[in-house]
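Subject: Structure handover

Hello,

I am passing this structure on to you. Please open it first, then read the notes below.

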Amino acid sequence: ALSPADRRRAAQPKARPALLLAWSASEPGRVGELIALTDDAPLEIGRAGPDLRQQRPGETPNTGPLTARRVSRRQLRVQAVGERLQVELLGRGTLRVDGQPTAQAVVSAGAQIGLDGELLWLVVKRPPRLPPLTSGEADPFAFGGPDPDGFVGESPAAWALRDRIGFVGPRAGHVLILGPSGAGKELVAGALHRRSPRAAGPLVARNAATLPESLVDAELFGHAAHYPQSGMPARPGLVGEADGGTLFLDEIGELPHTLQAHLLRLMDGGEYRRLGEAGARQADLRLIAATNRPREALKHDLLARFRHVIEVPPLDARRADLPLLVRHLLRSAAADDPLIRARFLDDDGEPRVAAELMAAVLRHPLPLQVRDLDHLLWQCLGASTGDTVQPLPAVVAAGAPEDEGRDPAEITRDELVAALAAHEGVQAQVWPALGLQSRYQLRRLMKKFDLK
C-alpha cells in the first residue's frame, strides 16, 4: 500500500517540458513567465498566442501573448516528444539552439532557444500547476521580485523552500539548515526567526568557525565579573544575548565534535553555566544552525537534537531563477549607485542586459552560488562600454554549451529500422525518438544504411 506521502506525490500533476522566458529585448518585465505544454499536440508560439503564464502555487494567471513587433504571429512550433521538446522555426529571424543557428531541433531541459536580438527561452520541466502551499498563504510580493524575506525565485524549488520555512518557522524546536555556501542559509535563519513566537526577541548570529577552541565556553556562555582576571566586566555571551530570541550559529560543521558537545545541555533544556559562576542559568532560546557540510559531519547526538532540517537548494537546482536573480542584483547595484542606474537601467527600472550575457549566465558554473553571480555581474558592469551590460569573453567561454544531442554513430541499422517501423516511417517522429538533433541527421543515416 502507498504511504500518504507517496499518494500525495502520485496525485501531483506530472512535470512536462515548458518554455521559460529568460530574456526579452522588448518585454524585459515578463522574464520568468512561461509557456507550458499540456499535451503532445504541436503548439505554435508568436504574437497570435498562446498566453504566457506566471506560475505560482495554487494559481497560474495568464498575462497574454507576446507583443514584440519583431516576433512573427507564428514564430515557433514546439511539441513535446517524451521528455524532450521538438522546436521548429516558422517565422522570420534566426533560430538558435544553445547558440547554434538551426531550423529545427530536439532539446532537453536546460537547453536555450533564442530568436536573435529579441527572445531567449530556457527549456524547463514544469507541472501544469504548482500545488498550493501547505503552510498557508505567502505574504504578497511582485512576481519575479524579492519576497519579504529577501528570496528571489519563482521555480518549484524556490516555492518548496518558502513552504518549508512557513511550516517550521512558527513551530518549536531547534533547526538545522543545510546547503552550499552562498545559497541563502542566513536568509532562511532570518525568515524562521521572523515567523517564530520569538520574533520580538533578539536574533544573535555568529560564524561558529570563528569560535576559538580555547575560548568557546566564554564566547558562548559568557563569564562572571572579575573572571578570569580582577577588573574584567561580566559578559553575557552569545547565549545570554539571545535569551528570549534566536541564536544562529553559521558553519556549525566547522566546530570539532568536542566543541559541538558543549551545546547539548543548552539544546535539551536551556541550561548553561557562565565561567566563574557556581550555579547554572536558564536561557529561553531557539538554536538555528547552518552548515555546508553533509549532516553526517555533525556529532550524532547533536544532530539528533535538531527537530527540523531545512535544505536550501543550490542554484544548479533552480537555474530558471537565474534571470530573476540577475535582474535583482543589478537593480540592487543601481539602487546604491546613481551612475549605474542612469546608464544601465531603462525608464521602467529594468536593467539592460545583453542576450549573450544571460545565455552565458544560464550555463556558467557558480560554485559560490549568489556570491559568484554577484561578482560576475560586477565584473561585467566594470567592463561594459555602452548602456547595456555585456559579458566578458571569459564568461562566454566558461558558459559555452555542450552538444546534448546523441552521436549518430551510436545508432545501429537495426535500431534505425525498428524506430522507422515503430513510427510507421514518419520521419518527423523518428529523429526525435532516436535523440537526434535534426531530420538531416536522420536522412544521412538512412542514406548510410541504404534505407528509403
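Start with strand 7 (residues 84–89) and strand 10: they run antiparallel and are joined by 4 bridges. Val 87 stands opposite Ala 105 in strand 10.

Some ground rules. This is a predicted model, in which local features need pLDDT of at least 70, side-chain atom pairs count only at pLDDT 80 or more, and totals for chains, interfaces and linings use all residues. Residues are numbered from 1 along each chain as its sequence is written, and side-chain values use heavy atoms, with hydrogens and water left out. Helices (H or I, at least four residues) and strands (E, at least two) are DSSP runs, numbered from the N terminus.

Confidence: the protein averages a pLDDT (the predictor's confidence in each residue, from 0 to 100) of 90. Of the residues, 94% score at least 70. The lowest confidence is in helix 1 (residues 4–11), with a mean of 52. Strand 13 (residues 175–178) has the highest, at 98.

Two strands pair if DSSP finds at least two bridges between them.

A second open sheet has 5 strands in the order 14-15-18-13-19, with parallel pairing. Strand 14 (203–207) and strand 19 (308–311) are at the edges with a single partner strand each, so one side of each has no neighbour in the sheet. The twist from one strand to the next averages 15 degrees. Strand 13 and strand 19 run parallel, joined by 4 bridges. Val 175 stands opposite His 308 in strand 19.

Two helices lie across strands of this sheet. Helix 2 (residues 156–168) lies across strand 13, strand 18 (286–291) and strand 19, at about 160 degrees to strand 19. Helix 3 (residues 185–195) lies across strands 13, 14, 15, 18 and 19, at about 155 degrees to strand 13. Axes are lines fitted to C-alpha atoms, for helices over the stretch in contact, and angles run from 0 to 180 degrees between N-to-C directions. Contact means heavy atoms within 4.5 Å.

Helix pairs

Helix 2 and helix 3 pack at about 40 degrees, with their axes 8 Å apart. That makes helix 2 oblique to helix 3. Angles under 35 degrees count as roughly parallel, over 145 as roughly antiparallel, 65 to 115 as roughly perpendicular and the rest as oblique. Leu 161, Ile 165, Gly 166 and Val 168 of helix 2 meet Val 188, Ala 191, Leu 192 and Arg 195 of helix 3.

The axes of helix 9 (residues 322–335) and helix 12 (residues 370–383) come within 10 Å and cross at roughly 60 degrees. Helix 9 is therefore oblique to helix 12.

Two backbone details

Which peptide bond is cis? The one from Gly 49 to Pro 50, with omega near 0 degrees. Pro 50 is in the loop between strand 3 (43–45) and strand 4 (52–53). Asp 98 is not a glycine, yet has a positive phi of about 50 degrees. Asp 98 lies in the loop between strand 8 (95–97) and strand 9 (100–101). Most residues other than glycine have a negative phi, and most peptide bonds are trans.

Best wishes
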